[in-house]
Amino acid sequence: MILDISMWIWLPLSLAIVFALAHQTKPSFALLGISLIGGLIEQRLNIIGLVALIVGLFIAYKTPSLERKWQIGAYLFIFLWCVALFLHLIPGFTNAKVLDAVITGPQSIPFTMYLNLDKPFIFFGLLLAYPAMLGNKASFNKKALLLTAIPLFSLLPIAWGLGALQPELTIPHWWWLFALNNLLLTCVAEEAFFRGFVQQSLSKRFGWIAGVAVASLLFGLAHIGGGLLLVAFATLAGVGYGLAYHYSSRLWVAVLFHFLFNFAHLLFFTYPMMK
């Protein structure tokens with residue numbers, strides 16, 4: 001595990017995400033500003049990356065008030081901006097490598113993990129451009145959520161049956177770092193984009209089934225680097241997260257389902273999945 005003092009900037013960033021999920025916008029963006037200033041001071045962010053973030057956030061902020069003809073172009077820009085952040089294509093960021101070729105157990109393959117500074121800004125950009133992604137106060141469909149959880153978590157033993165995983169009960173000493181990173185910096189950004197933005201936008205236009213299906217397929221294809229089997233399982237998992245979002249009307253529920261699935265994978269099976 002590789003930690004240094006410069007990584008303090010991820011603390012206000014993480015707190016900013018928590019406040020935003022709780023609909024506390026002002027303290028969230030204040031903390032976000034602290035993280036950005038800290039990133040410059042600690043040389044985790046340079047002026048190119050800062051400008052790219054500010055431009056993206058500004059366009060996202062203005063998007064809801066634009067005329068329809070300009071709004072479509074703005075949403076397209078935001079979509080491409082998010083993809084670029086996902087793929088780490090925007091220069092100016094020095095993400096922190098905190099786990100370097102570690103293994104969870106004797107049967108697992110080496111695993112490397114970064115604390116990303118670029119990817120979490122997807123969540124904040126989409127929050128400004130599409131605040132409805134957080135969901136509404138509609139009541140939970142608890143029965144549907146339970147029926148969604150059962151087949152979702154069954155994907156892990158199914159992957160075992162197909163030889164992609166092996167049972168391996170482990171609690172690595174860095175589990176807490178994995179949990180914080182996966183929950184706040186990874187799952188929030190991915191669920192904001194695929195469920196909060198893509199799924200909800202398509203659902204409003206073509207119906208919720210089409211929204212879940214397309215968002216899940218795109219989520220699966222985003223894992224193409226892990227091989228076709230991972231694409232298939234990520235697509236099916238995406239259906240589970242999409243249904244969790246649909247039946248709860250809350251982004252944080254989809255984030256929680258996503259995180260618990262990943263954490264169960266870490267604790268009970270070889271991690272990551274074999275290609």
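Backbone features and a surface patch

Mentor: Proline 272 lies in the segment after α10 (251-268). Please keep in mind that this is a predicted model.

Trainee: Which residue is joined to proline 272 by a cis peptide bond?

Mentor: That residue is tyrosine 271, and omega of the bond is about -5°.

Trainee: What about glutamine 43, where is that found?

Mentor: Glutamine 43 belongs to the loop between α2 (25-41) and α3 (47-62). Its phi is positive, near 60°, in a residue other than glycine.

Trainee: Is glutamine 43 buried or exposed?

Mentor: Glutamine 43 is exposed, because its relative accessible area is 65% and exposed means over 50%.

Trainee: And alanine 101, what is its phi?

Mentor: Phi of alanine 101 is about 55°, again positive although the residue is not a glycine. Alanine 101 sits in strand β1 (residues 96-102), and with 44% relative accessibility it counts as partly exposed.

Trainee: Changing topic: which residues form the nonpolar patch on the surface?

Mentor: The patch consists of Met1, Leu3, Ile171, Trp175, Trp176 and Leu180, which together have about 620 Å² of accessible area.

Trainee: Where is tryptophan 176 found?

Mentor: Tryptophan 176 is part of helix α7 (residues 175-206). Its relative accessibility is 34%, so it counts as partly exposed.

Trainee: What does the UniProt annotation say about residues 173-263?

Mentor: The unreviewed UniProt entry annotates residues 173-263 as "domain: CAAX prenyl protease 2/Lysostaphin resistance protein A-like". In the model, that span is 88% helix and 0% strand, and its end C-alpha atoms lie 14 Å apart.

Technical notes. Residues are numbered from 1 along each chain as its sequence is written. This is a predicted model: local features need pLDDT of at least 70, side-chain atom pairs count only at pLDDT 80 or more; totals for chains, interfaces and linings use all residues. Side-chain values use heavy atoms; hydrogens and water are left out. Patches are made of residues with over 30% relative accessible area and no salt bridge: like charges are joined within 9 Å, nonpolar side chains (Val, Leu, Ile, Met, Phe, Trp, Tyr) within 5 Å. Accessible areas come from the Shrake-Rupley method with a 1.4 Å probe; for residues, only the protein chains shown count as cover. A salt bridge is a side-chain nitrogen of Lys or Arg within 4 Å of a carboxyl oxygen of Asp or Glu. Helices (H or I, at least four residues) and strands (E, at least two) are DSSP runs, numbered from the N terminus. Buried means under 20% relative accessible area, exposed over 50%, partly exposed in between (1.4 Å probe, protein chains only). UniProt positions are given in the numbering used here, feature names are shortened, and annotations may be inferred rather than shown by experiment.
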